[in-house]
Amino acid sequence: MSAAASGEQPAQREATIVGAGLAGALMATLLAQRGWKVEVYESRGDPRIHGFAGGRSINLALAERGLHALRAADADRDVLAQAVMMRGRMVHPADGGTPQLQRYGRDDSEVIWSVSRGELNITLIDAAEAAGATLHFDRRLEAVDFAAQRAFYRGGGGLHRVGFQTLIGCDGAGSTLRAQMRQRADLGERIDWLGHGYKELEIPPAADGGFRIEPNALHIWPRGRYMCIALPNDERTFTVTLFMAMQDEGKGDPSFETVPDATAARALFERDFPDALPLIPELDHDFEANPIGTLGTLYLDRWHLGGHAVLIGDAAHAMVPFHGQGMNCAFEDCVALARHLDATPDLATAYAAFEAERMPDAAAIQKMALDNYIEMRDLVDDPGFLLQRELELA
Ligand code: FAD
C-alpha cells in the first residue's frame, strides 16, 4: 500500500547541494519548490552581505535555454529586470571602419541578454531561500565519507561533519565533490586546456551617464587568432574581454607571454583595437590588476555515484565560453534533474536517466563552444561567412 493510500505522510525527500553558484542556487529553488528539504553549502561568504566575489566573468549572455529554466523557477522576471538585451553581434573591423550589426534572428523576438553574474547569483539565492532551502555560507566541502553518508565542511574556524541523504555537486569546474567521487570510482575524467586565456577590462559610462557604444549588442573585434568582445552592463558600463594565446605560438600573433604588461597591452590596442582604446581609460590599471583566466573543456564518462552523488553544471561538463552556453547548459541540467527526480523515488535511477539524457547534449554544446571560437575571432568579418549567414536568415 502506498503512503498516500494508507493515510501516512510520505517521507520528505532530502538533498544536500554543494555550491550556491548559478546551478546550485537554481537547483535548490527547484527542489525546495517541490517540497524537498534542501541544505546548500557554499564555500564563499553570503554575497548579499559581503558583496559578490566573482573571480570569473563579470557578465554573461543568457539565452532562451537558460531563460526557460529560470521561468520554471519563476525567477525570469527578476533576472530580466536587470538584463540588457543584445540583438546581435556588432563587428568592429580591423581597419577602424564602421561597425556592422549581425542580428541573431529576424527581429527582437530572437535575442540574448547580458546579465551580471553577481546580481543573477543573488537573485537565485533569494529565490532558493524564499522557496524554503537553507543556505550555509562560508562552508567549503573538504571530504566525503560515502559509506557513512557524511560530508566534512571547513569554515567559521572549524571542520563540520554533517550527514546527507544524497549530494548534488554544483561546485564548479574545480569540483571537490568530483575529486571525492573519483576516489571511489573511475569517472573517466579528462580536461583539454585551450591554450588561450582571457583578461577583463572595463568601458565606463559616458560623461552624460549613458553607454559609450551601442548598448543592445555583443561587440566583437575579431583579429584572426585573437579577439576582444564587450558585453553591456545595466549600470551603463561594458565588460571587455581580451582573448589570446597564453604563450607565443610562433605565428606572429600576440599572446599573454608577448604582451605581459600594460605598456605592451597599450601598444597592442593602438595597433589592433584603435577604436576600443579610447573607450577604456583605465586600460593600464585593468591590465595590471586583473588576473589572466584559463579556459578548458572537462569531459567525464560518469556523472553519478549510484544514488549517493551526482554532478551538474561546470562540475560535470565545464566548457570554453565562446558559445555563451555554460550557464545556460547548467540551468537546463537543473530542470532535467528535477524532472527525473519527480519521475522516480529511486535516486540512482533518476541520476542514471539524467546522465543518459544530458551527457550527449553537453558534449554537443562543448563542441559548438570550441567551434565558435574560430567563428568569432576569425570568420565573423569574412565576406564568404557573411554571405552564407545572410542566406541562412533569408
Ligand atoms: P560556478 O558558477 O562556478 O559555481 C560554483 C559554486 O560552487 C561557486 O559559488 C563556488 O564558490 C562554490 N564552490 C566551489 N568549490 C566549493 C566547495 N568545495 N564547497 C562548497 N562550495 C564550493 N556561460 C553562459 O551561459 N554565458 C556566457 O556568456 C558565459 N560567459 C563566460 C565567460 C567566461 C570568461 C567564463 C570563464 C565562463 C562563462 N560562462 C558563460 C560559463 C559560466 O560561467 C559557467 O558555465 C557557470 O558559472 C556554471 O555554473 P556552476 O554553478 O556550475 O558553477
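Two residues are in contact if their C-beta atoms, placed from the backbone, lie within 7 Å. Keep that in mind, everyone. One more thing before we start: this is a predicted model.

Let's begin with Phe164. Phe164 sits in the loop between S11 and strand S12, residues 167–169. Is Phe164 buried or exposed? It counts as buried, because it has 22 C-beta neighbours inside 10 Å, and 20 or more is the cut-off. What does Phe164 touch, leaving aside its neighbours within four places in sequence? Its contacts are Thr16, Gln149 and Ala151. Take Gln149. Gln149 and Phe164 are 15 residues apart along the chain. Their C-alpha atoms are separated by 5.5 Å.

Next, the sheet beside that loop. It is an open sheet of three strands, in the order S9-S10-S11. The pairing is antiparallel. Strand S9, 140–145, and strand S11, 158–163, are the edges, and each pairs on one side only. On average, neighbouring strands here are turned by 25° against each other, direction ignored. Now look at S10, residues 150–155. S10 pairs with S11 over six bridges, in the antiparallel sense.

On to strand S3, residues 59–62. Which way do its residues point? Asn59 and Ala61 point one way, Leu60 and Leu62 the other, and all are buried. In a regular strand, side chains alternate between the two faces of the sheet. S3 also has a partner. Strand S7, residues 112–116, pairs with S3 in the antiparallel sense over four bridges. Asn59 stands opposite Ser116 in S7.

Now the core. The largest nonpolar core has 108 residues. Among those with the most contacts inside it are Leu26, Met27 and Ala28. Which helix gives the most to this core? Helix H2, residues 22–33, with nine residues. Follow Leu26. Beyond its neighbours within four places in sequence, Leu26 is in contact with Ala69, Ala73, Leu124, Phe331 and Cys334.

Last stop, the ligand. How many residues surround the ligand? The count is 33, and the closest are Gly19, Gly21, Gly172, Gly313 and Gly326. Among the elements giving two or more residues to this shell are H2, S3 and S9. Helix H11, 326–343, belongs on that list too. H11 gives the most, with four residues. By type, the shell divides into 14 nonpolar, 13 polar and six charged residues.

That's the tour. Thanks.

Conventions: Residues numbered from 1 in each chain as written. Predicted model: local features only at pLDDT ≥ 70, side-chain atom pairs only at ≥ 80, totals over all residues. Pairing = 2+ DSSP bridges. Axes fitted to C-alpha atoms, helices over the stretch in contact; angles between N-to-C directions. Core = buried A, V, L, I, M, F, W, Y, C linked by C-beta atoms within 7 Å. Buried ≥ 20, exposed ≤ 12 C-beta atoms within 10 Å, placed from the backbone. Near = placed C-beta within 6 Å. Nonpolar A, V, L, I, M, F, W, Y, C, P; charged D, E, K, R; others polar.
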